[in-house]
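Have a look at the model first, then read on.

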Amino acid sequence: MKKFGGSLFGASLLLTVLLAAATAAAEYYNYANALDKTFLFFEAQRSGKLPAAQRVKWRSHSGLKDGLAQGVSLEGGYYDAGDHVKFGLPMAFSVTMLSWAAVDNRKELSGLNQMQQALWSIKWGTDYFIKAHPQPNVLWGQVGDGESDHYCWERAEDMTTSRTAYKLDQYHPGSDLAGETAAALAAASLAFKPFNSSYSATLLSHAKELFSFADKYRGLYTDSIPNAKAFYMSSGYSDELLWAAAWLHRATGDQYYLKYAMDNAGYMGGTGWGMKEFSWDNKYAGVQVLLTKILLEGKGGVYTSTLKQYQMKADYFTCACLKKNGGYNIQTTPGGLMYVREWNNLQYASAASFLLAVYSDYLSAANAKLNCPDGSVPPQALLEFAKSQADYILGKNRQGMSYVVGYGPKYPIRVHHRGASIASIFDLRSSVYCSQGFESWYKRSQADPNVIHGALVGGPDENDYYSDDRTNYEQSEPTLSGTAPLVGLFAKLSGKLGSYGGGSPKPYQTTKPPASSYKATPTTYSPKQSGAPIQFLHSITANWMAWNTRYYRHKVIIKNNSQKQISDLKLKIEELSGPIWGVNPTGQKNTYQLPQWQRTLKAGQAYEFVYVQGGPQAKVSVLSYY
């Protein structure tokens, strides 16, 4: 990626990018709106016969005969990503994440009138898992052939590819997949318990059987289902066994499962592995946080010593995310995004952010702090990290782009997703076959005909660059496992009304402000030492009502009207009561500076920043520059 230069083109590009970022700024903290859209993504990914209440109208029934060739009904469940394979491991992890949100963020989801949507999203997955588990030691782990599916570009409603189903049993074990499915069903049983105790009990029964199956017949699921290796290769099953045991203990209170996690803590790596990743493949950090909750609640008993070892590893992950881990920290992009891998990186940021938001709650409830090698940290700092990642995802980034499709004024419009990229079956009645889809739809440069609302795409690279290109699947393909953690994350942030905003899914009625509000008010600063004027152009670009208060989005353009370059500009911003984007605090009171990548302003160049607050505008002035 080229750095912004001092040329006219560079200045113009900079202004374009920043203007987009400014436009998105008012939406950054509307987490309730973003939350509502994530549920739409799960509706778009549904396989099977769709319900009458389906809100995503460009989809129709599909996969109605899944499993019938093998003598079992496997209708339902979710398609994994931009394809039409039902991969069991990431689907189960996604349901675990949805269920964890429904359990720990019940208050927030209920307050937003979204609890029913959460339960529907979970149940579409758990109903499928029940069908896929017809006997105690049998689990159907996948439907669809990944190889043939990826050679075709067609709608789910037109599928011509193989719908082969793949089974785990005592002769073909898969402890990782069976363990994760057990965890999903145990967590889901907790989610449903206050609302449907009978269904909750059914889920728990399946969870217990699957855990026994996973533990008794051990092996990697990708050895039993080789077709999955190229897509979701498992790195091991010990973390899933501990993960399932932890969730079963929470769901049942049965000490057997806690003892299992304690007895196998060292052997299975629960107290040995310090991680900097939490994902569909690596559950250790999740296990460690979940078990630390027991310790923080004072319920460790005879297992206190082992639980403290689990807590040390939970703290390792968390301190690494906060970059307070004695140098053993996560990598971040220049814009502050957690960066783990080139392929679909945002899934790691979303999962880590949700986990830190959860751990923040557990620490707060215990009135405890996080002890890192670089100092103790209050629980609020964990939530601030989670918020920073959420804001980046929703548009507070160098490209001013929301990576949640359909959210905000600028988002990906060429998503690597078969259904989104081909005209709906209700608009184009004729079938779109395998190679025809590639020629007529995949290679199109136009925007997708169907907006797949709520989909979290793979996201930008390590330099914050994103290419909105359908063929760029590493960046533009959404997944279940990437989007699912956003439910709990957005619910949590929506609940922090006083700090971050939120409310109902559409809390703001954005209206055009009075004409006078658009009047730009320029001020000029001319330091005596140089005689070079710096001009501020201050305007209000939007306003809205929220909770009986009118908020304004303020845009300030800084322009170097001199004939020479200036650098290291420091601003004094007083009477600021809301969030601000585009400038960074220096650590001194009311003092801000331009980002590292924009420390200089060429002659005639402009830069802008944005802030949101109620009441009058802040006072902006120059402290110094060179």
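This is a predicted model: local features need pLDDT of at least 70, side-chain atom pairs count only at pLDDT 80 or more; totals for chains, interfaces and linings use all residues.

F211 sits in helix 8 (residues 197–216) and Y257 in helix 11 (residues 255–263), so-called distant parts of the chain, 46 residues apart.

- In total, the structure holds 24 aromatic pairs.
- W100 and F354 form an edge-to-face pair because their ring centres lie 5.5 Å apart and their planes meet at 85°.
- That pair ties together parts 254 residues apart in sequence, because W100 belongs to helix 3 (residues 88–104) and F354 to helix 14 (residues 346–365).
- W100 counts as buried at 0% relative accessibility, and F354 counts as buried at 1%.
- A cluster linked by ring pairs takes in F93, W100, W243, W247, F278 and F354.

**Charges over rings**
- R46 lies over the face of W124, 4.6 Å from the ring centre.
- K123 lies over the face of Y199, 4.9 Å from the ring centre.

**Cavities**
- There are 2 cavities of 30 Å³ or more.
- The largest cavity holds about 60 Å³ of space, and its lining includes W58, R59, Y79, D83 and H417.
- By class, that lining of the largest cavity has 4 nonpolar, 4 polar and 3 charged residues.
- The second largest cavity has a volume of about 40 Å³, and its lining has 6 nonpolar, 3 polar and no charged residues.
- Strand 2 gives the most to the lining of the second largest cavity, with 3 residues.

Methods: Residues are numbered from 1 along each chain as its sequence is written. Side-chain values use heavy atoms; hydrogens and water are left out. On a 1 Å grid over the protein atoms alone, a cavity is a set of points where a 1.4 Å probe fits but cannot get out, and a pocket is an open set with protein on both sides within 12 Å along at least five of seven lines; lining residues have an atom within 4 Å of a point. Grid points are joined across faces, edges and corners, and a volume is the space filled by probe spheres set on the points. Ala, Val, Leu, Ile, Met, Phe, Trp, Tyr, Cys and Pro count as nonpolar, Asp, Glu, Lys and Arg as charged, and the others, Gly among them, as polar. Helices (H or I, at least four residues) and strands (E, at least two) are DSSP runs, numbered from the N terminus. Rings of Phe, Tyr and Trp (its six-membered ring) pair if their centres lie within 6.5 Å; planes under 30 degrees apart count as stacked, over 60 as edge-to-face and the rest as tilted. Buried means under 20% relative accessible area, exposed over 50%, partly exposed in between (1.4 Å probe, protein chains only). A charge sits over a ring if NZ of Lys or CZ of Arg is within 6 Å of the ring centre and within 35 degrees of the ring normal.
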